[in-house]
Amino acid sequence: MNKLICIITSIVTLPLIGCAESETKAEAEKKEIAKLKVLIIDGQNNHNWKSTTPVLKHALEEGGVFEVTVSTSPPKDTKPEGWKDWNPKFSDYDTVLSNYNGQMWPETVQKNFVDYVANGGGFVCVHAADNAFGNWEEYNKMIAVGGWGGRKLIRDGAWLHVVDGKAVRDTTTKGNGGGHGKPHEFVVNHLDSDHPIIKGLPNKWLHTKDELYCKLCGPAENVEVLGSAESKLTKRQEPMLMVISYGKGRVFHTPLGHDAEAMRCRGFYELLQRGTEWSVNGKVDRTAEVPSDFPTVDKTSPVAPEEKK
Ligand code: ZN
């Protein structure tokens with residue numbers, strides 16, 4: 001009789017135990033595959049942020065790894081009282097992407113942003129976001145180098161560029177920080193590095209028509225240049241892909257992406273996804289698959305806005 005009870009108990013309880021175990025596993029898997037939360041900041045820019053933010057959002061969301069929220073600041077020339085309701089909660093996100101180049105943020109927002117990145121948050125700086133906040137010391141440390149915004153070579157730091165495949169900090173050349181010629185197609189060269197953002201990708205690829213920033217300057221500390229392109233203006237390899245450490249945080253900075261057309265490049269899409277994932281936790285796992293249509297050294301690979309990967 002006791003044996004029978006034991007058998008019956010086993011039959012009844014075993015599936016329950018199994019069920020409880022599989023629930024735990026499913027929960028764990030769900031947690032593991034939770035999308036990475038990205039906050040895009042826009043609202044002011046000397047570029048057409050209304051047309052580029054949707055491309056950035058698409059670039060990140062098409063692979064199913066990221067979930068994007070957009071926070072739009074008050075418009076240009078807003079008086080201080082008009083800013084009091086704009087205070088993004090950075091800590092709700094895994095990383096923050098700036099498509100912003102405009103008025104200085106209120107002090108509280110500045111402080112929250114610095115604390116967020118310094119304490120291990122991610123930051124992705126795209127194109128003219130590196131023109132912003134020329135006088136904000138901590139921001140300049142985060143992005144390593146920037147242009148315009150009153151920046152001057154030497155006074156505001158080194159001109160970071162690449163010579164013979166190695167990053168150099170030029171501290172003797174004078175002039176204004178930041179420059180570019182007319183948009184054109186150009187080759188992006190990856191430097192010799194085992195950094196996960198460029199690992200497995202062709203080391204030379206043709207980018208779609210874009211502005212090629214040059215003479216970016218700044219503190220240029222704790223920065224690794226992963227990709228560069230030759231400027232017709234400076235005849236030097238200028239940084240196109242950079243990673244910076246700031247406190248416990250990680251920053252991915254790309255001067256690429258002047259407009260929607262420039263962003264609709266499979267190379268830009270792929271590097272943006274990888275750089276954004278890396279900014280979250282220093283890893284590139286979920287975005288590491290190399291797309292079959294990645295550009296080659298002599299052929300660009302435009303992405304249609306509605307194209308799904
Ligand atoms: Zn531009």
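These notebook entries record what I looked up on salt bridges and on one helix in this structure.

**Entry 1. The model and the count**

I note at the outset that the model is predicted. I began with the salt bridges, and my count came to nine. Side chains of opposite charge can pair when their charged atoms come close.

**Entry 2. Lys141 and Glu138**

I looked up the pair Lys141 and Glu138, whose side chains meet in a salt bridge with N to O at 3.4 Å. I located both residues in helix H4, which covers residues 137–143. They stand three residues apart, and that is about one turn of the helix. Lys141 has 30% relative accessibility, so I class it as partly exposed. Glu138 has 24%, so it also counts as partly exposed.

**Entry 3. Asp156 and Arg155**

I turned to Asp156, which forms a salt bridge with Arg155. Their closest N and O atoms are 2.8 Å apart. I looked up the accessibility of each partner. Asp156 is partly exposed because its relative accessible area is 28%. Arg155 has a relative accessible area of 56%, and I therefore record it as exposed, the cut-off being over 50%.

**Entry 4. Arg266 and Asp293**

I examined the salt bridge between Arg266 and Asp293, in which the closest N and O atoms lie 3.1 Å apart. This pair links distant parts of the chain, its members being 27 residues apart. I place Arg266 in helix H6 (residues 266–281) and Asp293 in the segment after H6. Asp293 is partly exposed because its relative accessible area is 26%. I also found that salt bridges with shared partners join Glu62, Arg266 and Asp293 into one network.

**Entry 5. Helix H2**

I then looked up helix H2, which runs over residues 49–61. How far apart are the end C-alpha atoms of its 13 residues? I found them 18 Å apart. At 1.5 Å a residue the helix should span 18 Å, so the two values agree.

I listed the buried residues of H2 as Trp49, Thr52, Thr53, Val55, Leu56, His58, Ala59 and Leu60. What covers these residues? I found that the cover includes the strands S1 (36–42), S2 (66–72), S3 (95–98) and S4 (122–126). Helix H5 (260–263) and helix H6 are also among the covering elements. I note that H6 is the helix in which I placed Arg266.

Definitions and conventions: Residues are numbered from 1 along each chain as its sequence is written. This is a predicted model: local features need pLDDT of at least 70, side-chain atom pairs count only at pLDDT 80 or more; totals for chains, interfaces and linings use all residues. Side-chain values use heavy atoms; hydrogens and water are left out. A salt bridge is a side-chain nitrogen of Lys or Arg within 4 Å of a carboxyl oxygen of Asp or Glu. Helices (H or I, at least four residues) and strands (E, at least two) are DSSP runs, numbered from the N terminus. Buried means under 20% relative accessible area, exposed over 50%, partly exposed in between (1.4 Å probe, protein chains only). The expected span of a helix is 1.5 Å times one less than its number of residues. Contact means heavy atoms within 4.5 Å.
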